[in-house]
Amino acid sequence: MIVLAVLALPFLEIATFIWVGGQIGILGTLAAIILTAFAGIAIVRWQGLGMIMDTRAMMARGEMPQKQFAEMMMIAVAGFLLIVPGFLTDVLGLLLLIPPVRSWIYQAMSRNMVIVTNYRPSQPGPAQRAIDLDSDSYR
């Protein structure tokens, strides 16, 4: 199915270009493609920076941000789809920028996944200020 979709995508995009060009003209079509690319880059940058800040805060608390990592990957894919010229890829990219859609995709994908990590926070829990020494370790 995936191979068929990848092979059919250019033909669908060309057909969409022809249809949209017939509706709004060639200049309007080109302007729409360029506008969605720039708007997509700005939205991806804005959402990506917010996601990075959330991830850093979670890691500082000692939590594993697996959902944030998955959502960052979806935002990166959305950015790629928005940069690629075409209306169908733009629609898919814009869908990936909607947080409830990303949450639904994450839930669907994570049903059968197990997250395994060797991540350990550098300072878990409250820091201890006392040093325990044996009686023969000090003078």
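Modeller: Phe38 is exposed, with a relative accessible area of 59%. Here buried means under 20% relative accessible area, exposed over 50%, and partly exposed in between, with a 1.4 Å probe and protein chains only. This is a predicted model, in which local features need pLDDT of at least 70 and side-chain atom pairs count only at pLDDT 80 or more, while totals for chains, interfaces and linings use all residues. Residues are numbered from 1 along each chain as its sequence is written, and side-chain values use heavy atoms, with hydrogens and water left out.

Colleague: What is the place of Phe38, and which residues form a nonpolar patch on the surface?

Modeller: Phe38 belongs to helix 2. Helices (H or I, at least four residues) and strands (E, at least two) are DSSP runs, numbered from the N terminus. A patch is made of residues with over 30% relative accessible area and no salt bridge; like charges are joined within 9 Å, and nonpolar side chains (Val, Leu, Ile, Met, Phe, Trp, Tyr) within 5 Å. In this structure Ile34, Phe38, Ile41 and Ile83 form such a nonpolar patch, and together they have about 420 Å² of accessible area. Helix 2 gives the most to this patch, with three residues. Such areas come from the Shrake-Rupley method with a 1.4 Å probe, and for residues only the protein chains shown count as cover.

Colleague: Which residues make up the largest nonpolar core?

Modeller: A nonpolar core is a set of buried Ala, Val, Leu, Ile, Met, Phe, Trp, Tyr and Cys residues joined through side-chain atoms within 4.5 Å. The largest one here has 10 residues: Val44, Met51, Met74, Ile75, Ala78, Leu81, Leu82, Leu96, Leu97 and Tyr106. Helix 2 (26–60) and helix 3 each supply at least two residues of this core, and helix 3 gives the most, with five.

Colleague: Where does Ala78 lie, and which residues does Ala78 touch?

Modeller: Ala78 sits in helix 3, residues 66–83, and is buried, with a relative accessible area of 0%. Contact means heavy atoms within 4.5 Å. Not counting residues up to four places away in sequence, Ala78 touches Val44, Gly93, Leu96 and Leu97. Between the C-alpha atoms of Ala78 and Ile43, which are 35 residues apart along the chain, the separation is 9.8 Å.

Colleague: Is Leu96 buried or exposed, and with which residues is Leu96 in contact?

Modeller: Leu96 lies in helix 4, residues 87–96, and at 12% relative accessibility Leu96 counts as buried. Leaving aside neighbours within four places in sequence, Leu96 is in contact with Met74, Val77, Ala78, Leu81, Arg102 and Ile105. For the protein chain, among contacts between residues at least 6 apart in sequence, 60% join residues at least 24 apart.

Colleague: How many salt bridges does the structure hold?

Modeller: Side chains of opposite charge can pair when their charged atoms come close. A salt bridge is a side-chain nitrogen of Lys or Arg within 4 Å of a carboxyl oxygen of Asp or Glu. The structure holds two. Glu71 pairs with Lys67, the closest N and O atoms being 4.0 Å apart; both lie in helix 3, four residues apart, about one turn of the helix. Arg102 forms a salt bridge with Glu71, with the closest N and O atoms 3.6 Å apart. That pair links distant parts of the chain, Arg102 in helix 5 (residues 99–110) and Glu71 in helix 3, 31 residues apart. Lys67, Glu71 and Arg102 are linked in a network of salt bridges.

Colleague: Are Glu71 and Arg102 buried or exposed?

Modeller: Glu71 counts as buried at 9% relative accessibility, and Arg102 counts as buried at 3%. Lys67, at 29%, counts as partly exposed.

Colleague: Which element has the lowest mean pLDDT, and which the highest?

Modeller: The pLDDT is the predictor's confidence in each residue, from 0 to 100. Helix 2 has the lowest mean (85) and helix 4 the highest (90) among the elements of the protein chain. The chain averages a pLDDT of 82, and 83% of the residues score at least 70.
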